[in-house]
Amino acid sequence: MPITEDIRGLVSLASRILGQADQGDFIWGHASARDSDGRGVWIKQSGLGLAEVTPDRVHLVSPEGEVLAGEGPRHLEFPIHTEIMLARPDVGGVVHAHSPHAVALAAAGVELRPVSHAATYFVPPSVPRFTETTDLIITPELGRSVAKTLGDGSAVFLVNHGLVTVGPDLQTATFAALLLETAAEQMLRTIAYRGEPVWTNDDEALIKREHIYNDAAVHTAWDYLVRQLP
Ligand SMILES: [Zn+2]
């Protein structure tokens, strides 16, 4: 199979997994994989829900926003993906979604704590919050600003908008997006009990990150998610 077919298939799977996990916001949100020839990112065309993304609906977008291969209208927020890829050579996959609990947690100004396993994937450090705008990230300048707020981390909250997760490959970035939403939901449930919340300390969180969310485990979880697709 040609490599472009492989990468289109990967972006399709990631998009469908996100859609299946209710990370989709109607036709908004997208996942991308780095082009192996350095031309830009492979990402779904706009106008579709995440769950609808088939390989032929994935196209290659340059950092200038040009569709270099494939068809269909381009998403306005491509600079989130292209500018993070430019700033972070270690990143092979980026997810941007309007995940409901993550949006609510960030809007509430509540700090994400590792009240369950999920948040130990991210915390420590504190998940950064992008607050320069709550509007769409549609210019390279804003994309660079999001990348700067992300720093060398694996996630950033776009306050009043959504989340961005990254990974060495798209499989990891996708799993991270599901984990961040799960962590935000568990935070809400914890607070809702109105008790005296406790959470994993930083040292143990780092140990748990390696025990639970090591690279092999994340990819095994990805395989499971692929098998669950309809
Ligand atoms: Zn968005």
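Which residues does T82 touch, not counting residues up to four places away in sequence?

Author: In this predicted model, T82 touches V41, V61, S62 and P63, once residues up to four places away in sequence are left out. T82 itself lies in helix α2, which spans residues 78–87. The relative accessibility of T82 is 2%; because buried means under 20%, T82 counts as buried.

The wider setting is as follows. The secondary structure of the chain comprises seven helices and eight strands. The radius of gyration is 17 Å, close to the 17 Å that the globule rule gives for 230 residues, so the chain is as compact as a globular protein of that length. Along the principal axes, the C-alpha atoms fill a box of roughly 55 × 40 × 30 Å. Of the 230 residues in the chain, 50% are buried, and T82 counts as buried. Where contacts link residues at least 6 apart in sequence, 66% of them join residues at least 24 apart.

As for the surface, the chain exposes about 10800 Å², of which carbon and sulfur atoms supply 53%. The side chains include 17 positive and 29 negative ones, and the centres of these two sets lie 3 Å apart.

Helix α5, residues 170–192, has 23 residues. From its first C-alpha to its last, α5 reaches 33 Å, close to the 33 Å expected at 1.5 Å a residue. R194 follows α5 and has a positive phi, near 60°.

Technical notes: Residues are numbered from 1 along each chain as its sequence is written. This is a predicted model: local features need pLDDT of at least 70, side-chain atom pairs count only at pLDDT 80 or more; totals for chains, interfaces and linings use all residues. Side-chain values use heavy atoms; hydrogens and water are left out. Helices (H or I, at least four residues) and strands (E, at least two) are DSSP runs, numbered from the N terminus. The radius of gyration is taken over C-alpha atoms; the globule rule is 2.2 Å times the number of residues to the power 0.38. Buried means under 20% relative accessible area, exposed over 50%, partly exposed in between (1.4 Å probe, protein chains only). Contact means heavy atoms within 4.5 Å. Accessible areas come from the Shrake-Rupley method with a 1.4 Å probe; for residues, only the protein chains shown count as cover. Lys and Arg count as positive and Asp and Glu as negative; His and the chain ends are not counted. The place of a charge is taken as NZ of Lys, CZ of Arg, CG of Asp or CD of Glu. The expected span of a helix is 1.5 Å times one less than its number of residues.
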